[in-house]
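Hello,

Here is the structure I promised to pass on to you. Please have it open while you read, and my notes on it follow below.

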Amino acid sequence: MAVEKIRTACPLDCWDCCSMIAHVEDGKLIKVEGDPDHPFTQGKLCIKGHKLVDRVNHPERVLEPMKKVDGHWQTISWEQAFREIADKMRVARAQHGPKSIMYHYDYGSSALLKGLSLRFFNLLGGFTETIGSICWEAGLQAHKYDFGHGKAHRPEDLAAHTETWVVWGRNVSVTNMHMMPFLKQARKRGAQLVIIDPLQTDLTPQAALHLQPRPGTDGALAIGLACHLREKGLVDETFVREHAVGYDEFSKYLDDWSVERAAEICEVSADDIRWLAERFAQTPTTTLLGLGMQRYANGGQTIRLINALVAMSGNIGRSGGGVHYSNQVHRFDWDALQMPHARQEEHYRAFTKVTQADEILAAQETNEPIQVLFVSSANPVGQVPDTNKILRAYDSVDCVVVIDMFLHDTGVVGDYFLPCTTVFEEEDVMYSSLWNPYLSYVNRAIEPMGQAKADWEIFHGLAQELGFAETFGHDVHRWLDEALHRYEESGITRERLQKESFLTHHQEPVAWADFKFATPSGKYEFVSSVALADGKPPMATYEEPVESPRRNRELAEKYPYHLLTIHPRRSLNSQHYNIVSMPERPIVEISEQIAARAGLADGDLVRVYNDRGDVQGNIKITAGQHRRTVKIEQGWWGSKGHALNTLTSNRLTDIGISSTQYDCLVNLEKVSSS
Ligand SMILES: Nc1nc2c(c(=O)[nH]1)N[C@H]1C(S)=C(S)[C@@H](COP(=O)(O)OP(=O)(O)OC[C@H]3O[C@@H](n4cnc5c(=O)[nH]c(N)nc54)[C@H](O)[C@@H]3O)O[C@H]1N2
Ligand SMILES: Nc1nc2c(c(=O)[nH]1)N[C@H]1C(S)=C(S)[C@@H](COP(=O)(O)OP(=O)(O)OC[C@H]3O[C@@H](n4cnc5c(=O)[nH]c(N)nc54)[C@H](O)[C@@H]3O)O[C@H]1N2
Ligand code: SF4
Ligand SMILES: [Mo]
C-alpha cells in the first residue's frame with residue numbers, strides 16, 4: 001500500500017514548534033519527518049519528535065474510558081463516563097457551589113484548540129482554575145515590565161550579524177536544537193560563544209568562555225557586568241537617555257556595587273566579568289536566555305537585571321543583538337474561543353498551579369471545598385513541585401478526572417481516566433510563544449484510535465449532559481476562523497494556512513528596531529510603572545535565592561548542595577519516560593569536589609534528600625560542574641519509584657506566578673557502592 005504523507009506539526013511544548021510530515025500506511029502512523037521547507041525545522045526533528053510515533057502506537061496507551069472501582073480500573077462506555085461525571089459535577093455544585101469544580105491544565109500540547117477546555121469551564125458559570133505557570137512566568141513578567149512583552153529577532157539576523165552569542169541558562173543543543181544551525185553559521189564566520197551555566201553542557205567545549213555562577217545568582221553577575229560598562233564609559237547613552245525611562249535610578253543603585261562585589265557573590269572571576277562586559281559593549285551581542293535561572297525565588301528580578309544589562313550595552317533594537325526569552329507575537333482571539341465573559345466572577349476562584357496543593361487542602365476546611373478535579377494536558381503529580389503535598393491534596397478530592405493518553409503519575413491517582421487522541425488524530429493549528437513564530441496547520445493524519453476522543457469532543461460530550469452543548473459548539477473550522485481572525489490583516493486565514501502549512505506575520509529581522517516598546521511609556525522601563533501598580537518593586541534589584549548558603553546558612557549546613565533537576569535530553573518533561581529506554585533509575589551527576597567530600601564514586605547508589613522528600617539514583621562524576629551542584633534530569637515517574645519533585649518546594653517567585661524548582665538544597669547519602 002502506498003505511503004501517504006500528511007503535513008502536521010509537533011505538539012510538544014518546545015522552543016522549536018516544528019512542522020512535521022506524517023507518513024501513514026494502511027491507516028497507521030509509521031514515521032514522522034521534519035518539514036524540509038520550514039525555515040526553522042529545516043527537515044529535522046529531535047528524538048522526542050520521532051518518538052511520537054511510538055507514543056501513538058504504544059501498547060500502554062489507554063484507548064477506552066476507565067473508572068476506578070475498589071482501587072481497580074474498569075473500562076466503561078463514554079455514555080457512562082459522561083453521565084456519571086456530569087452527575088458528580090451537579091451534586092458538587094448543588095452542595096458547595098460552582099467553585100467546588102476545579103481545573104488544572106498545562107502545555108501537554110501546544111495546539112490552539114486545546115484552549116477550548118476553558119470554554120467548557122467558563123460556560124459552567126464558575127469554577128476554580130489553576131493559574132500561573134510551573135515553567136516560565138517569572139521571566140515573562142520581567143519582559144512585560146521592561147519591554148511590554150518578549151520578542152525575538154529572526155534567527156537569520158543572528159546567524160549573519162551576531163559576534164558574541166551569550167547562551168545564558170539555556171541548554172540549546174538539548175532543548176532548542178533548531179537554533180544550532182544558526183549558531184553554527186555564525187561561528188563559521190568567527191562569532192564567539194559564551195556559556196553561562198553552572199553545569200557542563202554539550203556546547204561548553206566550543207565556548208570562548210564558560211561562566212559558572214552559583215545557582216540563582218545571575219542577577220549579581222548581570223550587575224557586575226553593568227558595573228564594568230559604567231566604570232569604563234561603555235553604557236549606550238543614546239539608548240538609556242532617548243529610548244528608556246528610569247536609567248538614572250538604576251545607575252544610582254549600581255553605586256552600591258562593584259565588579260568585585262558581584263564576582264564574590266556569584267562565584268565568577270572579576271576578570272571574566274570585565275572581558276564579557278566589553279564584548280557586550282563592543283560587538284553585536286545576542287543573549288539567549290533559558291528558563292532555568294528564573295526558577296528561583298528571585299527569578300523574575302534576575303531576568304530584569306539581565307535585561308537591564310543588555311539594554312545598557314546597546315544591544316536592544318540592534319542587528320545581531322537582542323535578549324531572547326520568549327516570542328509573544330501571536331494575536332489569537334482567546335475571548336472568542338474561551339468565552340471568559342460567560343462566567344460570573346463571584347463563582348470563580350483562582351488557585352496557582354504552583355501552590356494548588358496548599359490551596360486545595362485549605363479549601364477542604366471551608367464550605368467551598370474542591371469536590372471534582374479535572375486535569376488535562378498535564379501531569380501535576382509528576383511535575384508540580386512538592387509531590388507529597390500534591391498527593392495529599394488530590395487524595396482529599398472526591399472525584400479526580402484525568403484526560404490523557406497514558407496512566408502517568410496523575411492518571412494513577414484519578415477516579416476516571418478519559419482517553420484523548422494525539423495530534424495525528426486531530427485537525428488544529430500549532431503555535432508556540434517561546435521562539436518559532438510560525439503557525440503550522442495540523443491536518444488529521446489517521447483516524448482516532450480505539451475510543452479516544454479529542455479533548456474538545458470530551459468536553460462537548462460533558463456539555464451535552466449538562467445542557468449547554470449548543471453554546472459550546474462542535475465546528476473545528478469555525479473555531480479556528482474565530483481564533484485567527486486578527487491575522488486576516490496580515491493575509492493569513494485558516495484556508496491559506498492549511499494550503500501552505502506554515503505562515504507567520506512576524507518577519508521583523510530585529511526585535512524593537514523602531515524603539516517603540518509595548519510599555520506604558522513606550523520606552524524600555526528600568527523603572528516599571530506596571531510593576532509598581534502590581535505592588536512589586538518597580539526596579540530590579542538583587543536578592544539571594546531562598547535556599548542559599550548566604551541567606552540561610554543553617555539550611556545550607558544541613559543541605560550543602562544545589563539540586564538542578566533540568567530538562568531531559570530524550571523526553572519532553574515526563575512524556576517519553578515510558579517510550580524511550582532509560583536507565584533503571586535517575587543519574588545523579590555531581591562535581592569532583594562533591595565526590596571527594598562525600599566519598600562517592602561513579603555508579604554508587606545514593607539517596608538525595610532534604611526535609612521535603614528523597615529520591616535514589618546512581619552517581620556520575622562530571623568534571624567541571626559547579627562545585628556544589630547536583631544535576632538530575634527531570635521527568636521520572638514517581639509511580640515507578642522516582643518522584644523527583646518530592647525534593648522541590650512549592651514556593652512562588654518574586655514576580656509573575658511561577659515556580660522555584662531549582663531553588664533547592666539537598667544532601668547526599670551513600671546507600672551502596674557500585
Ligand atoms: N529535550 C527537551 N527539550 C525541551 C524540554 C524537555 O523536557 N526536554 N522541555 C521544553 C520546555 S517545557 C521548556 S520550559 C524548555 C526549557 O528549556 P531550557 O531553559 O533550555 O531548559 P532547562 O532545563 O529549564 O534549563 C536550562 C539550563 O539552565 C541552567 N540553569 C539552572 N539554574 C541556573 C542558574 O541559576 N543560572 C544559570 N545561568 N543557569 C542555570 C541549567 O543548568 C540548564 O542547563 O525546553 C523545552 N524543550
Ligand atoms: N523538578 C522539575 N520540575 C519541573 C520542571 C523542571 O525543570 N524540574 N520543569 C517544569 C516545566 S518547564 C514544565 S513546562 C512542566 C510540565 O508539566 P506538565 O505539562 O504537567 O508535564 P508533562 O510531563 O509535559 O505532561 C503533559 C501531559 O499532557 C499529556 N498530553 C499531551 N498531549 C495531550 C493532549 O492533546 N490532550 C491531553 N488531554 N493531554 C495531552 C501528555 O501525555 C502528558 O501526560 O514541568 C515543570 N516541572
Ligand atoms: S520536541 Fe521540539 S525540536 Fe523536537 S520535534 Fe518537537 S518541536 Fe521539534
Ligand atoms: Mo516548560
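Is Tyr438 buried or exposed? Tyr438 has a relative accessible area of 7%, so this residue is buried. Please keep in mind that this is a predicted model.

**Aromatic pairs**

The structure contains 41 aromatic pairs. One of them joins Phe40 and Tyr438: their ring centres are 5.7 Å apart and their planes meet at 70 degrees, so this pair is edge-to-face. Phe40 belongs to the loop between strand 3 (28–34) and helix 1 (47–50), while Tyr438 belongs to the loop between strand 18 (428–430) and strand 19 (439–442), so the pair ties together parts that are 398 residues apart in sequence. Phe40 is buried too, with 1% relative accessibility.

Phe517 and Tyr524 make another edge-to-face pair, because their planes are at 80 degrees, with ring centres 6.4 Å apart. Phe517 is buried at 5% relative accessibility, and Tyr524 is buried at 1%.

**An aromatic cluster and two charges**

Phe517 and Tyr524 also belong to one aromatic cluster, whose members include Phe147, Phe239, Tyr247, Phe250, Tyr253, Trp257 and Trp512. Lys151 lies over the face of Trp512, 4.2 Å from the ring centre. Over the ring of Trp257 you will find the charged end of Arg261, 3.8 Å from the centre.

**Helix 11**

Which residues of helix 11 (residues 247–254) are buried? They are Tyr247, Phe250, Ser251, Tyr253 and Leu254. Looking down the axis of helix 11, you will see these buried residues fall within an arc of 155 degrees, so they line one face of the helix. An α-helix has 3.6 residues a turn, so residues three or four places apart point the same way. Asp248 and Lys252 are exposed on the other side of helix 11. The buried residues of helix 11 pack against helix 9 (218–231), helix 10 (237–242), strand 11 (244–245) and helix 14 (299–312).

Finally, go back to strands 18 and 19. They belong to an open sheet of three strands, in the order 18-19-20, with antiparallel pairing. Strand 18 and strand 20 (502–503) are the edge strands, each pairing on one side only. Three bridges link strand 18 and strand 19 in the antiparallel sense, and Met430 stands opposite Ser440 in strand 19.

Enjoy exploring!

Best wishes

Note on methods. Residues are numbered from 1 along each chain as its sequence is written. Chains are lettered from A and ligands numbered from 1 in the order in which they are written. This is a predicted model: local features need pLDDT of at least 70, side-chain atom pairs count only at pLDDT 80 or more; totals for chains, interfaces and linings use all residues. Side-chain values use heavy atoms; hydrogens and water are left out. Rings of Phe, Tyr and Trp (its six-membered ring) pair if their centres lie within 6.5 Å; planes under 30 degrees apart count as stacked, over 60 as edge-to-face and the rest as tilted. Helices (H or I, at least four residues) and strands (E, at least two) are DSSP runs, numbered from the N terminus. Buried means under 20% relative accessible area, exposed over 50%, partly exposed in between (1.4 Å probe, protein chains only). A charge sits over a ring if NZ of Lys or CZ of Arg is within 6 Å of the ring centre and within 35 degrees of the ring normal. Two strands pair if DSSP finds at least two bridges between them. The arc is that of the directions from the helix axis to the C-beta atoms. Contact means heavy atoms within 4.5 Å.
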